Amino acid sequence: QVQLVESGGGLVQAGGSLRLSCVASGRPVSLNVMGWYRQAPGKQRELVAIMSSGGSTNYGDSVKGRFTISRDNAKNTVYLQMNSLKPEDTAVYYCNMQFRGNYWGQGTQVTVSS
């Protein structure tokens, strides 16, 4: 059984940084595609960043150059480093694992003030 638990969200001023964590249990993160998605009020869920089992990454256009996805295999944890945050980054951020379907975390709120 796979479980994903996100943490690290909070309130930050524009231009600031946050690092989100996703701790996985039941499956090594290194064996799957992992990703971060976000959903803002009134908006569709969108891809933020993904990482393949081989370590290649892709990012949504709106976060390229500002966000970085990474993983620590020993801790079975995936991270999302968010720099130069903007108010439009405000959303609930969800961790995702692709393994015999899709697993999702509970989400963590990120709020960026002007």
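1. Start with the charges: Arg38, Glu46, Arg66 and Asp89 are linked in a network of salt bridges. A salt bridge here is a side-chain nitrogen of Lys or Arg within 4 Å of a carboxyl oxygen of Asp or Glu. By that rule the count comes to four. Bear in mind that this is a predicted model, where local features need pLDDT of at least 70, side-chain atom pairs count only at pLDDT 80 or more, and totals for chains, interfaces and linings use all residues. Residues are numbered from 1 along each chain as its sequence is written, and side-chain values use heavy atoms, with hydrogens and water left out.

2. Now look at Arg38 itself. Its side chain meets that of Glu46 at 2.7 Å, N to O, and that of Asp89 at 2.9 Å, N to O. Arg38 lies in strand E4 and Asp89 in the loop between strand E8 (77-82) and strand E9 (91-98), so this pair ties together parts that are 51 residues apart in sequence. (Strands are DSSP runs of E, at least two residues, and helices are runs of H or I, at least four; both are numbered from the N terminus.)

3. Glu46, at 33%, is partly exposed. The cut-offs: buried means under 20% relative accessible area, exposed over 50%, partly exposed in between (1.4 Å probe, protein chains only).

4. Another salt bridge joins Lys64 and Asp61, with the closest N and O atoms 3.1 Å apart. Here Asp61 is exposed, at 66% relative accessibility.

5. On to the rings. A search of the whole structure finds one aromatic pair: Tyr37 and Trp104, edge-to-face, 5.2 Å centre to centre with 65 degrees between the planes. Rings of Phe, Tyr and Trp (its six-membered ring) pair if their centres lie within 6.5 Å; planes under 30 degrees apart are stacked, over 60 edge-to-face, and the rest tilted. Tyr37 sits in strand E4 (residues 33-39) and Trp104 in strand E10 (residues 102-104), 67 residues apart. Tyr37 is buried at 16%, while Trp104 is partly exposed at 32%.

6. Finally, step back. The chain has zero helices and 11 strands, and 39% of its 114 residues count as buried.
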